[in-house]
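This report describes a protein chain through its helices, surface, ring pairs and salt bridges. Please consult the sequence and the coordinates alongside the text.

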Amino acid sequence: MNTTSVQKRRLTDRLLNGIETVGNKLPDPAVLFVLALVMTWIASALMSGTEFDGPKSGDVLTIKNQLTADSFAQFLSNMVTTFTSFHPLGVVLVALLGVGVAEHAGFINATLKGMLRFTPRMLITPAVILVAITSHSAADAGYVLVIPLGGIIFHAAGRHPLAGIAAAFAGVSGGFSANFVPSALDPLLQGFTQSAAQLIDADIDVNPLCNYFFTSCSCLLIVGIGWFLTDCIVEPRLKNTEIDGDEEGDSAERENQNLTTREGKAVLLALGAMLVSLLLVGLASLPANSAFRPLLPDGTRGSLTDRGSPLMASIVPLIFLLFLIPGIVYGYASGTFKNHRDIIKGMSQSMSTMGYYLVMAFFAALFIKAFKDSNFGSFLAVKGATFLKELGLGGSVTIVGIVFLTAFVNLLVGSASAKWALLGPILVPMLMQLGYSPELTQAAYRVGDSCTNIITPLMPYFPLVVVFCQRYVKGSGIGTLTSLMLPYSITFLLVWSIFLIIYWKVLGLPLGVNATYVYEAGVAG
């Protein structure tokens, strides 16, 4: 590398070291919820008895002291049910049971490898990014499989392997919320969104696929931007970067990524089973008297997409089944599964990875419960909404502000669920007061949460991607990877934010299933 590039790396390293120092001083996300809980208690005691106009017209609410003997006794006696009834908990665990079987069987990895193997040379870049995006359905598969595979495929095609790693990383992490395949992330975020929205409206129901149409369209956007940046900006910058890594190890790994004949047949059988399952659900849903349609007071059946529809309430169980069935078929067809114990083992392994999430969810549930019972969440929502309304920034500026706020916080707190559990109870009710739906606020959050994943060393897999780079360029470091990913991060943040506004304001396309842009009980801004 020349002197100028070395100086740029040193500057980048200093900036990132500063971010890393600040981030390392933050407590663990689980502890952040404990601190938030304590702060809620203290604030409720200091402001006890404060009256304010409630979210609904004519309501007058009062801040309730959560440190009184009665309140604290109730808090302790309800602690178990507060945790077990925490909405995000069940939906995430159920979805991951099915994903765990498919992942343990090898179905997801084999499908990803097959998609990349049969891609024409001229479409390698968009194919790598697309596969990286779809890999979100399998938790960590994208980081441990698709990113190194991107380097291998580019290298085999005579292109710079770091460009392949960058493209895959941009898809896996930068396009984290751009996916046309539903995943456990959808019900996870929806659970936090619904809990936050119920601070204002106890009867509100947020669908797990409330952002599905937007994220599906965003998938095409991210693939297009990533394709352009990789081929026209990132890879040309790498032409003078010498490849001095272990090519023999790369060749051996490339061989391991090829599908065997049996695995190929097993993938086809599993995909066929998934298609048949989808067709059966469709055939069961279409009849006018389908049990998947809500039963109306007059005895007739309503629409499949109505609120309260059995089909809409079954989204998470359907995700479970649509991964479980092909996972089982692939497992037996490929020889990965010998008996039913292997299926249960897959489920068990997926649950074993959720230990940290359970700890975090426990404290998040307690914080949200106290936030709701004290009426402090409603107080912040009303006052915050009044402040924003007086600023007169307009809906577009407010939504873009949420995107950028989330992107900044993401540099320090990497977990998508941890951030949303902290920000959701404030942002969702606040924007509901301005007349903006919880679904729109969640969509803005998802954009901001994705774009800066690829430039923060605090993202858990960032060091792993650095190691992947070092396989080809031994001198690679944090600065090397960040300089590769900055074009993606900045462009994604700007263009994706503009796309959200155009999608909403200009095109007026639906966000997702049963999703609106306006919260009807509020006043649209």
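The model is predicted: local features need pLDDT of at least 70, side-chain atom pairs count only at pLDDT 80 or more, and totals for chains, interfaces and linings use all residues. Residues are numbered from 1 along each chain as its sequence is written, and side-chain values use heavy atoms, with hydrogens and water left out.

**Overall make-up**

The chain contains 23 helices and two strands; these are DSSP runs numbered from the N terminus, helices being H or I with at least four residues and strands E with at least two. Of the 525 residues, 53% are buried, where buried means under 20% relative accessible area, exposed over 50% and partly exposed in between, with a 1.4 Å probe and protein chains only. Among contacts (heavy atoms within 4.5 Å) between residues at least 6 apart in sequence, 79% join residues at least 24 apart. Carbon and sulfur atoms hold 65% of an accessible surface of about 22500 Å², computed by the Shrake-Rupley method with a 1.4 Å probe; for residues, only the protein chains shown count as cover.

Helix α10 (residues 185–197) reaches 18 Å from its first C-alpha to its last, close to the 18 Å expected for its 13 residues at 1.5 Å a residue; the expected span is 1.5 Å times one less than the number of residues. Because 13 of the 13 residues of α10 are buried, this helix is largely enclosed by the rest of the structure.

**A nonpolar surface patch**

Val31, Val34, Leu35, Val38, Ile42, Leu46, Leu67, Phe72 and Leu76 form a nonpolar surface patch with about 750 Å² of accessible area together. Patches consist of residues with over 30% relative accessible area and no salt bridge, like charges being joined within 9 Å and nonpolar side chains (Val, Leu, Ile, Met, Phe, Trp, Tyr) within 5 Å. Helix α2 (29–46) and helix α3 (69–77) each supply at least two residues of the patch, and α2 gives the largest share, six residues.

**Aromatic pairs**

The structure holds 16 aromatic pairs. Rings of Phe, Tyr and Trp (its six-membered ring) pair if their centres lie within 6.5 Å; planes under 30 degrees apart count as stacked, over 60 as edge-to-face and the rest as tilted. The rings of phenylalanine 107 and tyrosine 330 are 6.1 Å apart at their centres with planes at 50 degrees, so this pair is tilted. It links helix α6 (residues 107–117), which holds phenylalanine 107, to helix α15 (residues 315–334), which holds tyrosine 330, across 223 residues. Phenylalanine 107 is buried at 4% relative accessibility, and tyrosine 330 is buried at 2%. Phenylalanine 214 and phenylalanine 499 form a stacked pair, 5.9 Å centre to centre and 25 degrees between the planes. Phenylalanine 214 lies in helix α11 (residues 212–237) and phenylalanine 499 in helix α23, so the pair ties together parts 285 residues apart in sequence.

**Salt bridges**

There are four salt bridges, each a side-chain nitrogen of Lys or Arg within 4 Å of a carboxyl oxygen of Asp or Glu. The table lists examples.

| Aspartate 231 | Arginine 159 | 2.7 Å |

Arg159, Asp231 and Glu235 are linked in a network of salt bridges. Glutamate 235 and arginine 159 are both buried, whereas aspartate 231 is partly exposed at 29% relative accessible area. Aspartate 373 and lysine 369 both lie in helix α17 (residues 355–373), four residues apart, about one turn of the helix.
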